[in-house]
Amino acid sequence: MEHPENDSKYLGLTVNEGVAQPPVTNPYFTRRKRKPMPTVSELVEGIRRGDVTMLSRAVTLVESLAPDHQQLAQEVIEKCLPYSGNSRRIGITGVPGAGKSTSIDVFGLHVLRDGGKLAVLAIDPSSERTRGSILGDKTRMEKLSTHPGAFIRPSPSAGSLGGVARKTRETIVLCEAAGYNNIFVETVGVGQSETAVHSMVDFFLLIQLAGTGDELQGIKRGIMEMADGIVINKADGDNIDRARLAQAQFKSALRLFPPTASGWSPEVLTYSGYFELGIPEVWDMIDRYFDYVTANGYFERRRREQARYWMYETIDEQLRSRFYNDPEIAAMLAQREAAVLDNRLSSFIAARDVLQHYFSR
């Protein structure tokens with residue numbers, strides 16, 4: 001009996017059948033067919049004519065970890081390479097909260113007023129636990145994100161700044177082939193990423209804040225030596241005097257550093273990204289830098305050094321990938337790791353055994 005409670009011995013108790021449960025999914029939903037993957041020729045042609053959709057799909061291939069996607073991406077990059085190298089690459093860094101995204105919004109609009117196109121490549125920090133990223137930089141670039149001449153692409157760091165940096169450099173090649181003659185690369189602002197981004201840009205801009213405590217805490221030798229220009233944001237209202245004081249302190253600190261390889265003397269300026277004050281002066285400084293390094297030949301020399309640097313970085317990455325993806329090595333690593341955890345083998349001897357086995361094959 002389906003409902004024993006309806007038996008005669010349970011008089012006065014009745015259970016109805018009820019209504020049929022609605023379907024879990026929307027009955028009107030139809031799964032949209034995934035568009036087929038474009039060929040290498042279609043991607044290159046789309047990129048060359050400035051098709052943002054094709055450019056975005058090519059960047060997705062570059063960021064993908066799938067081997068077939070990587071092979072396709074490398075073919076696209078190789079065909080786009082002859083059309084690259086014709087942009088001004090500007091790296092923008094600063095501590096979280098310094099106003100990098102807001103500054104990029106106003107800097108970008110200032111650049112686009114003079115014509116041309118702008119690509120913004122933002123490296124977004126990923127969670128160490130979930131490996132997820134918010135990728136919300138566009139929300140802080142309200143005006144730039146709707147401009148037809150701008151292309152904004154956030155990328156997750158995914159726990160590997162070097163890997164993302166290499167992918168960002170490959171994305172630069174694609175953007176230049178698509179006709180973007182100004183490229184901003186925004187870092188996550190955590191220290192290690194600055195070095196990676198500095199190795200792929202022509203001008204490195206450091207954004208600082210005033211009135212947040214001891215300004216000298218912001219003068220870190222490593223990042224200061226990389227900076228081609230320092231700008232102090234939020235120089236407005238009651239913060240103007242503090243911004244000018246910080247400007248003087250940074251100028252004094254820069255005098256203690258050795259001359260730069262380019263011969264350029266980094267400048268320190270103040271501005272307000274929110275109120276759009278001092279933006280032309282910042283961009284005039286960048287224009288003077290490019291005129292200076294182009295005239296003395298440093299621009300081309302640095303581009304060649306960067307190309308050589310990334311060749312060796314790619315070799316290092318490929319060696320690590322081949323090593324850790326080797327099934328035999330993976331099994332041996334698991335054995336040695338268990339021995340190390342049980343104190344039956346030292347870490348150094350375990351590493352030596354695995355490496356000797358790998359290179360002796």
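Predicted model: local features only at pLDDT ≥ 70, side-chain atom pairs only at ≥ 80, totals over all residues.

Q: Which side chain does Asp353 meet in a salt bridge?
A: The partner is Arg336, with 3.7 Å from N to O.

Q: How many salt bridges does the structure hold?
A: There are 12 of them.

Q: What does Arg303 pair with?
A: Arg303 forms a salt bridge with Asp202, and their closest N and O atoms are 2.8 Å apart. This pair links distant parts of the chain, 101 residues apart: Arg303 sits in helix 10 (residues 298–324), while Asp202 sits in the loop between helix 6 (192–198) and strand 5 (203–209).

Q: Are those two buried or exposed?
A: Both Arg303 and Asp202 are buried.

Q: What about Arg361, which residue is its salt-bridge partner?
A: Arg361 pairs with Asp326, and the closest N and O atoms are 2.6 Å apart. Arg361 is in the segment after helix 12 (347–360) and Asp326 is in the loop between helix 10 and helix 11 (327–341), so the bridge joins parts 35 residues apart in sequence.

Q: How accessible are the two partners, Arg361 and Asp326?
A: Arg361 is partly exposed, because its relative accessibility is 48%. Asp326 is buried, with a relative accessible area of 15%.

Q: Which residues are linked with Asp326 and Arg361 in a network?
A: Glu328 joins them, so to speak: Asp326, Glu328 and Arg361 are linked in a network of salt bridges.

Q: Changing topic, how many helices and strands does the protein have?
A: The protein has 12 helices and 7 strands. Of its 361 residues, 43% count as buried.

Q: And what share of the contacts joins residues at least 24 apart?
A: That share is 74%, taken among contacts between residues at least 6 apart in sequence.

Q: Now the helix packing. At what angle do helix 2 and helix 3 pack?
A: Helix 2 (residues 52–63) and helix 3 (residues 67–80) pack at about 125°, and their axes are 8 Å apart. That angle makes helix 2 oblique to helix 3. The crossing of the two is left-handed.

Q: Which residues make the contact?
A: Helix 2 contributes Ala58, Leu61 and Val62, and helix 3 contributes His69, Gln70, Leu72, Ala73, Val76 and Ile77. By class, the residues of this contact divide into 7 nonpolar and 2 polar, with no charged ones.

Q: How do the axes of helix 1 and helix 3 cross?
A: The axes of helix 1 (residues 40–48) and helix 3 come within 10 Å and cross at roughly 45°. The two helices are therefore oblique to each other. Their crossing is right-handed.

Q: Who takes part in that contact?
A: From helix 1 there are Val40, Leu43, Val44 and Ile47, and from helix 3 there are Leu72, Glu75, Val76, Lys79 and Cys80. These residues divide into 7 nonpolar and 2 charged, with no polar ones.

Q: Let us turn to the backbone. What is phi of Lys234?
A: Phi of Lys234 is near 65°, which is a positive value in a residue other than glycine. Most residues other than glycine have a negative phi. Lys234 is in the loop between strand 6 and helix 8 (240–254), and its relative accessibility of 37% makes Lys234 partly exposed.

Q: Where is Asn343, and is it buried or exposed?
A: Asn343 lies in the loop between helix 11 and helix 12. Asn343 is exposed, because its relative accessibility is 72%. Asn343 also has a positive phi, about 60°, although it is not a glycine.

Q: Last one: what does Asn233 touch?
A: Leaving aside residues up to four places away in sequence, the contacts of Asn233 include Ala98, Gly99, Ser103, Ile207, Tyr271 and Gly273. Asn233 is in strand 6 (residues 229–233) and counts as buried, at 3% relative accessibility.

Note on methods: Residues numbered from 1 in each chain as written. Heavy atoms only, no water. Axes fitted to C-alpha atoms, helices over the stretch in contact; angles between N-to-C directions. Helix = DSSP H or I, 4+ residues; strand = E, 2+ residues; numbered from the N terminus. Parallel < 35°, antiparallel > 145°, perpendicular 65-115°, else oblique. Left-handed = near helix turned anticlockwise from the far one by under 90°. Contact = heavy atoms within 4.5 Å. Nonpolar A, V, L, I, M, F, W, Y, C, P; charged D, E, K, R; others polar. Salt bridge = Lys/Arg side-chain N within 4 Å of Asp/Glu carboxyl O. Buried < 20%, exposed > 50% of the residue type's maximum accessible area, 1.4 Å probe, protein only.
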